[in-house]
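Welcome, and please have a look at the fold before reading on.

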Amino acid sequence: MDTILPPQLVDSARKVLEANRAAGRKIAVAESCTGGLVSAALTEIPGSSDVFEAGFVTYSNEAKMEVLKVSSDVLETFGSVSIAVAWSMAQGALRRSNADVAVAITGIAGPDGGSEKKPVGTVVFAQAERGADPQHIVADARHFEDTGRAGVRLQAALCALELLMPGEPAEASGADA
C-alpha cells in the first residue's frame, strides 16, 4: 500500500476497521498528543468512511473545552494529561458524533513538557461507548519508554487503536509498550 505511515500502524488500523465493520460499529477518536495520527492511520484504508465517523484533534486546552466540552475545572484540577480529561474527551467525542465508541488520547510526547510526576512518555487513554454507564470509566495512564517524540506518538497511536477493538472493554495497560 502506498503510505507514509509505519506499516504496523496501518496494519493495526486495518484490523480495527475490519473488526468494527463486522460488529456494525462506528468509531471516533479524540486526539491530543498524537495530533491526528490515529485518524490518519484509519483513513489510510480505502473504504474506512463506513466505520470511521469522526476524528477530533484538540491539542490545546482551549480546543478541548470548546470542541469537546471538557470542563475548565477538570483541566485546572487534574491537568490536561489525566484520566479525568481523557474521559471527558472521549465522552465529548461521542456527544459530537454518531459513533458507537470513542477513544481519547492525551499525553506528553516530548522532548520537553514532562515533570517528575508526569515524565515524557506519559500518555492517558479513555474509551467510551454509547449507551454505557457513564460511571463505569475505562481509562488508564501509560508510561512509554522515551524513544523520542515520534516513538512515543507511535506507541500511543497503537495503544489507542487497540482500545477501538470490539469485544470486552480493553485495558489500556494490556497493550504492548
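This is a predicted model: local features need pLDDT of at least 70, side-chain atom pairs count only at pLDDT 80 or more; totals for chains, interfaces and linings use all residues.

Residues are numbered from 1 along each chain as its sequence is written, and side-chain values use heavy atoms, without hydrogens and water.

Let's begin with the sheet. Helices (H or I, at least four residues) and strands (E, at least two) are DSSP runs, numbered from the N terminus. An open sheet of mixed pairing is built from 5 strands in the order E2-E1-E3-E4-E5; strands pair if DSSP finds at least two bridges between them. E2 and E5 stand at the edges with a single partner strand each, so one side of each has no neighbour in the sheet. E1 and E3 run parallel, joined by 5 bridges, and alanine 30 has alanine 104 in E3 as its bridge partner.

| Strand | Residues |
|---|---|
| E1 | 27-31 |
| E2 | 52-57 |
| E3 | 101-107 |

Now to helix H3, residues 61-68, where Ala63, Lys64 and Leu68 are buried (under 20% relative accessible area, 1.4 Å probe, protein chains only). These buried residues fall within an arc of 105 degrees seen down the axis, so they line one face of H3; the arc is that of the directions from the helix axis to the C-beta atoms. Just after H3, lysine 69 has a positive phi of about 60 degrees.

Finally, isoleucine 45 sits in the loop between H2 and E2 and, at 9% relative accessibility, counts as buried. Its C-alpha atom is 7.6 Å from that of valine 10.

Methods. Buried means under 20% relative accessible area, exposed over 50%, partly exposed in between (1.4 Å probe, protein chains only). Contact means heavy atoms within 4.5 Å.
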